[in-house]
Amino acid sequence: MAMNLEKIRKMAKADAAEVAEREAKKKNSGSKTLYWKPKPGVSNLRIAPPWATEGINEGMPLREIFQHWNIGESGYEKGGRIFLCPAKTEGSDTTECEVCDLITHLWSTDNPADQEIAKEIKAGRSFASNIIDLDDPSYTEEDLAEWEEGSNGDDTCGFNVGDTKVQVYTYGVTVWRALNDYLTDGIDLTDLADPTMEIKLSKSGSGYDTTYQLRLQPKGEVFNFVGSFEDLVFDLDNTFRFPRDGEMRAILAGEEFNKKKELSPGSHGEEDDEDSIPAVAVALLSNPAGEPEEDEDEEEEDGPPPCFEDKKTFSMSNKDCAGDDEYEQCEFTEQCKAALVPLRKARKRKAKKAAKKTSGTPTVADVEAEMRAAIGG
């Protein structure tokens, strides 16, 4: 019998795809992502060449990202989670974002407190690049010792002492615009062999008063990359990952997200107990558009007994009638209690209406009446 070459080739193709996916996941897995922050004063940098040879970020020296910060139960929570926004960040396989849905809902309530939360959790725009800090350009013995201390013994170190130390720099619109001025003019900031592509970044101030200035060094030096570029540069497509299915929903609902068992859209875990979900999250999960909900048809109950209309002596505090003895153990107690609810609501509405009327601008008749009262007329 002849071999089934078609099936064999199909199996080989599937295996090759699995190996490629596994290798992609292993990339940079030997060393944790190194995030770089500029120190006050002057830093000298090099922008590393593009990390992607295919995909949406092919040939790009930076990646644009939108992130929701401090996400927690009921929305904002200082020190909470950070989520990459799948609705605004390019590369997601969905345009849906549950935090964005919550923001829309919070704005629709016209409640100042809700709107403050919406402002806090709004997706912020930033950018990320692989950079080389020329003041700390290579992995050292100290870096290796730190990595070994943090490893679990089964990891393989992704760098050697002396290799180029690539770090990830996330920055805002100010630095991006300065870089973009050069990039749009066709200047290749990633050309390590060009000594004029060395960047001088100046940082001053702190907090909201922090300012950045960026310019090219006219007398830089050629940078020689040491080690395997593919192993040392960080894959920014995977460094900033999109949330897993149901992950944002679970955090907003105050639940622990089980990474091994992803939640499906619309589920809240094994037990769907709305009483344990914060009010603002319940409003989002049950009514994302913030539309007024229609009252469900309720089963009609018998009204209060005739004595209720005659005496109106039912006491909410005592749960019985305060009138004649024959009503003290009345079987219609619950009906009377229910009948008082609309009456009390009507009284509150009447009181609010009266208060609003009296708190308005006095009319001419009101002023004349007060004057007559003052002079005894």
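Leaving aside residues up to four places away in sequence, Tyr171 is in contact (heavy atoms within 4.5 Å) with Leu62, Ser126, Phe127, Ala128, Ser129, Trp176 and Leu179. The model is predicted, so local features need pLDDT of at least 70 and side-chain atom pairs count only at pLDDT 80 or more, while totals for chains, interfaces and linings use all residues. Residues are numbered from 1 along each chain as its sequence is written, and side-chain values use heavy atoms, without hydrogens and water.

Tyr171 and Ile199 touch the most other members of the largest nonpolar core, which has 18 residues. Such a core is a set of buried Ala, Val, Leu, Ile, Met, Phe, Trp, Tyr and Cys residues joined through side-chain atoms within 4.5 Å; buried means under 20% relative accessible area with a 1.4 Å probe, protein chains only. The elements below are DSSP runs numbered from the N terminus (helices H or I, at least four residues; strands E, at least two).

| Element supplying at least two core residues | Residues |
|---|---|
| β2 | 41-47 |
| β6 | 124-133 |
| β7 | 167-171 |
| α5 | 173-183 |
| β8 | 199-204 |
| β9 | 211-216 |

The largest share, four residues, comes from α5.

Methods
Buried means under 20% relative accessible area, exposed over 50%, partly exposed in between (1.4 Å probe, protein chains only).
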